Amino acid sequence: MNSFKLLLDPYERKARLYPALLTLLPLFCTSLALYPVELQAAGSGASIAVYCVVGFFLASLARARGKEIEEGLYRTWGGKPTTQLLRHRYKQLSSTTRTRYHSWLQSLIPGIQIPTEEAEVENSERADDIYASCADWLRERTRDREKFPLVFKELTNYGYCRNLLGLKPIGLTLALLGISFGVLRFAGWVQVGSLPLTGMSCAVSLVMLLVWLMLVRPEWVRVPAFAYAEALLASLQTILEAKPQDSKT
């Protein structure tokens, strides 16, 4: 992965780099605490350098880990968010709004036949396949970040949360290691490092452990996932309004 793209591209930075750096935070703080006072300046510089290098590597892993857990999340939620929103039986979306989306998709996508409520009941797998195809069509037509800023914003939020959940096993391990080092240092079993910085490091690791255990959960990822799906479907109006202009050019 291009490191400049990670730094400059808003999606890459928030959805991949930030989860990686947050995951490595306990390791970074622990590495700082390991250096004695006389080596703090040099140690800090070395720690930052290593933090950045490992952070960029972990950022390249973040998306892969996020994609690995995605299908499992969909099964837990009952299907892809866009597919659920388009189902006739999904009651959290008003029937009027869903009918409007179905009508717009029918008019915009060549050869698509939106299932009726009866057809969906008779063959739900086929209906879901059609809804997934509609979502694929929409994603390809909403890649322009300037024309569809809300879609991009919600996609970035979802990517950040999903990738952070994907890195959870690594994050938990590093947080536990950071706490373990603090315990060993204060107990006197380890004599290396600064006690004040060890206290700071242990506190950061403890906070991150609580974040991983209590916040970074599938239910937490579900909120931005459905927000992205809603923004994606709402973009149909923008696409439909632009269609006459496209036909004149």
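Helices (H or I, at least four residues) and strands (E, at least two) are DSSP runs, numbered from the N terminus. The model is predicted: local features need pLDDT of at least 70, side-chain atom pairs count only at pLDDT 80 or more, and totals for chains, interfaces and linings use all residues. Residues are numbered from 1 along each chain as its sequence is written, and side-chain values use heavy atoms, with hydrogens and water left out.

The protein has eleven helices and zero strands. Its pattern along the sequence is α-α-α-α-α-α-α-α-α-α-α. Of its 249 residues, 45% count as buried. Buried means under 20% relative accessible area, exposed means over 50%, and partly exposed lies in between (1.4 Å probe, protein chains only). A contact is defined by heavy atoms within 4.5 Å. Among contacts in the protein with a separation of 6 or more, 75% are between residues 24 or more positions apart.

Q113 lies in a loop. This loop runs between α5 (95–108) and α6 (117–122). Q113 counts as exposed because its relative accessibility is 55%. Leaving aside neighbours within four places in sequence, Q113 is in contact with Q106 and I130. Q113 and H102 are eleven residues apart in sequence; their C-alpha atoms are 9.4 Å apart in space.

T23 sits in helix α2 (residues 10–34). Its relative accessibility is 0%, so T23 counts as buried. The side chain of T23 reaches the backbone oxygen of P19 at 2.6 Å. Apart from neighbours within four places in sequence, T23 contacts L58, L164, L167, I170, G171, L174 and W212.

Two packed helices are described by the angle between their axes and the distance between the axes. Axes are lines fitted to C-alpha atoms, for helices over the stretch in contact, and angles run from 0 to 180 degrees between N-to-C directions. The axes of α2 and helix α9 (residues 168–186) come within 7 Å and cross at roughly 25°. That angle makes α2 roughly parallel to α9. Angles under 35 degrees count as roughly parallel, over 145 as roughly antiparallel, 65 to 115 as roughly perpendicular and the rest as oblique. The crossing of α2 past α9 is left-handed. A crossing is left-handed if the near helix is turned anticlockwise from the far one by less than a right angle, and right-handed if clockwise. From α2, the residues T23, L24, P26, L27, T30, A33 and L34 meet I170, G171, L174, A175, G178 and F181 in α9. By class, this contact has nine nonpolar, four polar and no charged residues. Ala, Val, Leu, Ile, Met, Phe, Trp, Tyr, Cys and Pro count as nonpolar, Asp, Glu, Lys and Arg as charged, and the others, Gly among them, as polar.

Helix α2 also packs with α8. Their axes are 9 Å apart, at an angle of about 25°. Helices α2 and α8 are therefore roughly parallel to each other. Here α2 passes α8 in a right-handed crossing. The residues of this contact divide into ten nonpolar, five polar and three charged.

N163 belongs to helix α8 (residues 149–166). At 0% relative accessibility, N163 counts as buried. Not counting residues up to four places away in sequence, N163 touches A15, R16, P19, A62, R63 and G66. N163 and L61 are 102 residues apart in sequence, yet 9.0 Å apart in space, C-alpha to C-alpha.

Methods: Polar contact = N/O pair within 3.5 Å; in protein donor to acceptor, adjacent residues only side chain to side chain.
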